[in-house]
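Colleague: Please take a close look at one part of this model, the interface between the two chains. I would like the terms given with their cut-offs.

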Number of protein chains: 2
Amino acid sequence: MKLLEERIRKDGIIGEGDVLKIGSFLNQQIDVGLVSEMGREFHRLFGDAGVTKILTVEASGIAIACLTAPYFGVPVVFAKKSKTSNIAGNVLCAECFSYTHNCVNNLIVPAEFLSADDKVLIIDDFLANGSAVRALCDLAHQAGAEVVGAGIAVEKAYQAGGKELRGQGLRIESLARIASMSVGKGITFCR
Amino acid sequence: MKLLEERIRKDGIIGEGDVLKIGSFLNQQIDVGLVSEMGREFHRLFGDAGVTKILTVEASGIAIACLTAPYFGVPVVFAKKSKTSNIAGNVLCAECFSYTHNCVNNLIVPAEFLSADDKVLIIDDFLANGSAVRALCDLAHQAGAEVVGAGIAVEKAYQAGGKELRGQGLRIESLARIASMSVGKGITFCR
């Protein structure tokens with residue numbers, strides 16, 4: 001998606017350690033006009049998939065999911081992150097390793113919010129090694145739901161997650177796919 | 001706002017310890033149609049206030065803020081919660097006591113996302129003792145920004161926060177104001 005790629009070139013900040021900071025328009029500060037256009041694009045891509053629910057993970061996925069869901073007319077459910085494995089109540093839970101924070105999070109959704117009738121579209125801001133998308137798929141499958149695909153804002157295509165998950169049959173649509181990225185040379189997008 | 005009051009009556013769950021669970025439509029699962037109507041109402045109330053930025057706090061405020069901001073055509077900024085007081089970089093930071101989790105959180109926003117030119121509308125899901133709204137005001141004031149008011153989904157009007165903050169001159173508009181609430185007797189809204 002040209003609009004997003006241009007914005008990443010303009011306002012994305014490449015940091016040491018393979019970090020791309022998009023906090024000024026897609027994360028902690030959110031350009032709702034841009035994100036709403038991204039939602040429109042996700043709907044163009046997945047609009048005929050029969051989506052009944054959009055699933056994401058706090059905190060950075062919520063904005064994208066909430067500005068996508070109105071095009072589909074379906075609710076958003078977000079998984080909460082918890083470091084404790086002492087989870088109470090009737091919940092779905094899947095482990096997710098965070099490379100950013102070098103820790104394991106449990107992603108948790110109350111069982112009542114996903115059912116075997118659901119067709120789930122996963123939405124997230126980044127896809128790199130794929131651990132978050134894998135955990136969200138796991139949550140949906142625990143409920144017996146079908147995952148129709150994953151809509152991602154920014155994919156680091158040089159990392160293994162996208163290839164592995166597509167190899168397992170998951171449909172992934174990423175609006176910006178980064179082929180390479182470095183502090184000196186800037187960003188190259190996949191063509 | 002009648003639509004929200006009716007939904008709280010229908011799907012809100014009153015728990016022990018003054019807890020109102022609205023997780024099935026306003027928090028962990030989000031009815032984006034309802035929340036978008038709430039955003040329209042916030043715009044009706046604050047549309048002439050010259051708002052340049054909407055400020056909220058993760059995670060439950062993000063959905064409401066993001067579905068309100070398109071009516072105003074302004075960005076959303078959300079404060080992150082951190083338990084550590086060891087905050088790095090050029091950030092604004094304010095303490096906020098969480099009665100739900102019985103702990104102090106630091107609310108943190110990168111300094112670049114709020115400026116002295118900003119007219120800030122605070123958005124949050126609950127107002128009870130007022131600690132989150134107070135901390136968000138503090139963050140805005142640290143940046144030299146003006147707070148034009150706070151738009152709240154659900155106010156527990158029998159708690160002190162709303163009265164105190166209005167007494168200090170803050171304009172607060174709450175879409176549902178609970179006069180009393182108990183497991184046995186249900187919910188009464190302010191009239």
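Modeller: Chain B and chain A bury about 2200 Å² between them, and carbon and sulfur atoms give 66% of that area; buried area is the accessible area (1.4 Å probe) that two parts lose on being put together, summed over both. On the side of chain B, Gln28(B), Gln29(B) and Phe113(B) lose the most area to chain A, together 31% of what that side buries. This is a predicted model, in which local features need pLDDT of at least 70 and side-chain atom pairs count only at pLDDT 80 or more, whereas totals for chains, interfaces and linings use all residues. Residues are numbered from 1 along each chain as its sequence is written, chains are lettered from A in the order in which they are written, and side-chain values use heavy atoms, with hydrogens and water left out.

The contact (heavy atoms within 4.5 Å) takes 27 residues from chain A and 27 residues from chain B.

In chain B, strand E3 (29–30), helix H3 (60–72), strand E5 (76–82) and strand E7 (103–110) each supply at least two residues of the side that touches chain A; helices (H or I, at least four residues) and strands (E, at least two) are DSSP runs, numbered from the N terminus. H3(B) gives the most, with 6 residues.

Strand E3 (residues 29–30) of chain A pairs with E5(B) in the antiparallel sense over 2 bridges, where pairing requires that DSSP finds at least two bridges between the strands. Gln29(A) stands opposite Val77(B) in E5(B).
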